[in-house]
Amino acid sequence: MSALPASSEPTARRARMLRALGITPWVRRVGTAAAEPRAAPAPAVPPASCVVLLPEGCSPRELDLLGRALAAYGPELARAGRILVREGRPTATVSPVRAYLVFGQAQAHALGRELPAAVMNQAQIVLADEPQQVLASGEGKRRLWTALRQLRRTLAAPESV
């Protein structure tokens, strides 16, 4: 046979043949990119639009229930920041966001002590039962779903300036 091996065929013909077959050839990168490492740009993370305040000491079962409930309402709520409240104070800095989901009256008071009045006036604060009450009763679960629906509506609305 007079056929040449694929490696010695002209690159233009080889590229044409691969395109005709629907194959995308991959080419290994070589050159200065490998020689001089660059700092990778930080991924653009949109600012958080929701924060969840939880009492400290929640059981894994309660946290699992809350995580699944938040995930059921979409990625924005599933990725919401979670801050634990210990002895009436949040364990992390509460940043100003569009909405807060607060589990229990004590956590609502802690949020009120941490945030300035102007931020609280602009934000939507949704109060739900404490996690153990949500887990214990059907009524607590219904109130949680109602709170999550309200929160989702708030986050879906365009942000007013």
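Mentor: Happy to! Let's begin with the sheet itself: 5 strands make an open sheet, ordered S3-S2-S1-S4-S5, and their pairing is mixed. Strands here are DSSP runs (E) of at least two residues and helices are DSSP runs (H or I) of at least four, both numbered from the N terminus. Two strands count as paired if DSSP finds at least two bridges between them. As background, strands of a sheet pair through backbone hydrogen bonds, in a parallel or an antiparallel way. At the edges stand S3 and strand S5 (124–128); each has a single partner strand, so one side of each has no neighbour in the sheet.

Before going on, a word about the model: it is predicted, with local features needing pLDDT of at least 70 and side-chain atom pairs counting only at pLDDT 80 or more, while totals for chains, interfaces and linings use all residues. Residues are numbered from 1 along each chain as its sequence is written, and side-chain values use heavy atoms, leaving out hydrogens and water.

S2 and S3 run antiparallel to each other and pair over 2 bridges. Valine 85 has proline 90, in S3, as its bridge partner.

H3 touches S1, S2 and strand S4 (99–103), where contact means heavy atoms within 4.5 Å. The direction of H3 makes about 165° with that of S1. For such angles, axes are lines fitted to C-alpha atoms, for helices over the stretch in contact, and the angles run from 0 to 180 degrees between N-to-C directions. Helix H8 (residues 138–156) also packs on the sheet, touching S1, S4 and S5, and its direction makes about 170° with that of S5.

Let's turn to charged side chains. The structure has 5 salt bridges, each being a side-chain nitrogen of Lys or Arg within 4 Å of a carboxyl oxygen of Asp or Glu. In one of them, arginine 86 meets glutamate 56, at 2.7 Å from N to O. Arginine 86 belongs to strand S2 (residues 81–86) and glutamate 56 to the loop between strand S1 (50–55) and helix H3 (60–72), so the pair ties together parts 30 residues apart in sequence. Arginine 86 is partly exposed at 43% relative accessible area; this label covers values between buried (under 20%) and exposed (over 50%), found with a 1.4 Å probe on protein chains only. Glutamate 56 is partly exposed too, at 40%.

Arginine 68 is exposed at 61%, while aspartate 64 is partly exposed at 38%.

Finally, there is 1 aromatic pair. Rings of Phe, Tyr and Trp (its six-membered ring) pair if their centres lie within 6.5 Å; planes under 30 degrees apart are stacked, over 60 edge-to-face, and the rest tilted. The centres of tyrosine 73 and tryptophan 145 are 5.5 Å apart with planes at 35°, so this pair is tilted. It links distant parts of the chain, 72 residues apart: tyrosine 73 is in the loop between H3 and helix H4 (75–78), and tryptophan 145 is in helix H8. Tyrosine 73 is buried at 12%, whereas tryptophan 145 is partly exposed at 34%.
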